[in-house]
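Me: I have a structure to go through. Can you take my questions as they come?

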Amino acid sequence: MICAEHYFDWAATSPADKDILERALEYSILHWGNPSSIHAAGADARKALEDARELAARSLGVSQSRIYFTSGGTEGDHIPLLSVLARPQKGSVLVSAIEHPAMAEMSKSIKNCGWDLITVNPDKDGFVRPGHITDKLRDDTAFVAVMAVNNETGAVQDIRGISDALKSACGGKRMPHLHVDCVQAAGKIPLDFLEDCADSASMSAHKICGPRGAGILYAAKPFTPFLRGGGQEGGIRSGTESLFGAYSMALCLERYAVTEKNTAASERYERQLEWTERFIAGLRDIKGCAIIPHCRASLSAEDSRRMFSPWVVQAAFPGIPGQVMERALSAEGFYISTGSACSSGSHARPVLDSMHIPPEEREGAVRFSFGPHTTYAAMTELLEKVRSVSERFL
């Protein structure tokens with residue numbers, strides 16, 4: 001049996017909390033009707049669904065009317081992006097070069113439909129600055145996508161600054177829709193920008209100890225979707241709702257959303273900040289190890305905490321291809337990755353390419369990612385195993 005204690009690929013997926021899955025399953029069995037049906041069984045299911053929505057909204061600190069249940073992060077990215085196709089006139093969309101494949105690949109389809117796709121590169125440290133966005137902004141820009149936390153580098157993007165820059169650049173004119181992929185942010189870092197900066201945001205349950213196939217789309221206001229159907233979820237996401245998925249997602253946010261009201265999650269977040277600082281310091285002691293991006297190794301503790309998620313660390317080791325390090329650690333029962341699980345079959349590293357990371361580091365880059373059940377003792381063991389593997393190649 002796989003030992004979850006030595007699992008360090010939480011950015012790919014997380015071991016599910018058994019009690020959350022059991023509670024959600026019991027909930028969906030108890031309220032088994034179709035929420036769209038008008039008879040008593042349907043009304044009961046509708047109330048159960050709205051109770052789940054209210055719990056999710058309360059956990060995030062947003063209005064209940066802004067929560068739409070989806071099948072996960074990919075759909076949560078696709079729904080607002082594809083909505084531009086419902087517009088009568090074509091224009092441009094701005095998509096950062098650090099986006100997850102869910103956004104990066106689908107945006108190419110938008111281009112094939114006649115829209116101008118404008119890619120916005122980050123700086124060498126992996127940050128998409130507000131000026132990068134406004135420099136590419138056009139009068140016909142309808143959509144801007146910048147993720148909150150990059151799934152490879154852990155870089156926390158300045159969503160508030162980007163939102164303010166768009167408001168200033170538009171000068172009172174209609175602003176483009178600002179979408180934020182929050183899959184690596186929800187339940188992991190504070191989302192204090194959500195209510196007043198993002199037009200939409202995607203989240204996924206399986207990144208925070210929930211099941212696969214469940215997620216949330218936050219939308220500041222209703223919009224016209226491209227995909228239509230039975231009109232469920234306010235018409236934003238048609239299809240009979242999964243009460244199991246909705247309630248499990250709500251329970252995950254209730255447990256893990258990092259807010260002032262959620263003391264346990266906030267305290268766990270603060271501990272992880274400290275543990276990750278020590279972990280990075282330990283990596284730096286390994287001969288030739290390069291932290292990616294390089295700036296993370298030299299930032300002050302305050303800046304590092306502000307600019308990077310403590311749940312994701314990327315590093316490269318001299319002369320060791322990333323897949324070799326991954327397999328060597330796996331043979332020892334320690335599980336890491338070389339980047340996004342959704343592109344694990346490809347050797348391409350578009351995020352690192354956009355940052356102009358040197359080829360030898362790009363080839364050797366691996367990702368260590370942590371979760372709420374990761375222990376400091378396990379992180380220490382991981383560090384020693386990485387040191388041992390590195391020494392074999394010196």
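**Helix pairs and one arginine**

Reply: Start with a helix pair: the axes of helix α11 (residues 322-331) and helix α14 (residues 376-392) come within 10 Å and cross at roughly 120°. Axes are lines fitted to C-alpha atoms, for helices over the stretch in contact, and angles run from 0 to 180 degrees between N-to-C directions. Helices (H or I, at least four residues) and strands (E, at least two) are DSSP runs, numbered from the N terminus.

Me: What is the model's origin, and what are the ground rules?

Reply: This is a predicted model: local features need pLDDT of at least 70, side-chain atom pairs count only at pLDDT 80 or more, and totals for chains, interfaces and linings use all residues. Residues are numbered from 1 along each chain as its sequence is written, and side-chain values use heavy atoms, with hydrogens and water left out.

Me: Back to α11 and α14. Which word describes their orientation?

Reply: Oblique. Angles under 35 degrees count as roughly parallel, over 145 as roughly antiparallel, 65 to 115 as roughly perpendicular and the rest as oblique.

Me: Which residues make the contact of α11 and α14?

Reply: From α11, Met325, Ala328 and Leu329; from α14, Leu382, Lys385, Val386, Val389, Ser390 and Arg392. Contact means heavy atoms within 4.5 Å.

Me: New pair. How do α2 and α8 cross?

Reply: Helix α8 covers residues 243-256, and its axis and that of α2 come within 8 Å, crossing at roughly 25°. That makes the two helices, α2 and α8, roughly parallel. The crossing of α2 with α8 is left-handed.

Me: Which residue classes are in that α2 and α8 contact?

Reply: Twelve nonpolar, one polar and one charged. Ala, Val, Leu, Ile, Met, Phe, Trp, Tyr, Cys and Pro count as nonpolar, Asp, Glu, Lys and Arg as charged, and the others, Gly among them, as polar. Ala48 and Leu49 of α2 are among the contact residues, as are Tyr247 and Glu254 of α8.

Me: Switching topic. Where is Arg66?

Reply: In the loop between α2 (40-60) and β1 (67-70).

Me: What does the Arg66 side chain make a polar contact with?

Reply: The side chain of Glu195, at 2.8 Å. A polar contact is a pair of N or O atoms within 3.5 Å; within protein, one must be able to donate a hydrogen and the other to accept it, and residues adjacent in sequence count only if both atoms are side-chain atoms.

Methods
Left-handed = near helix turned anticlockwise from the far one by under 90°.
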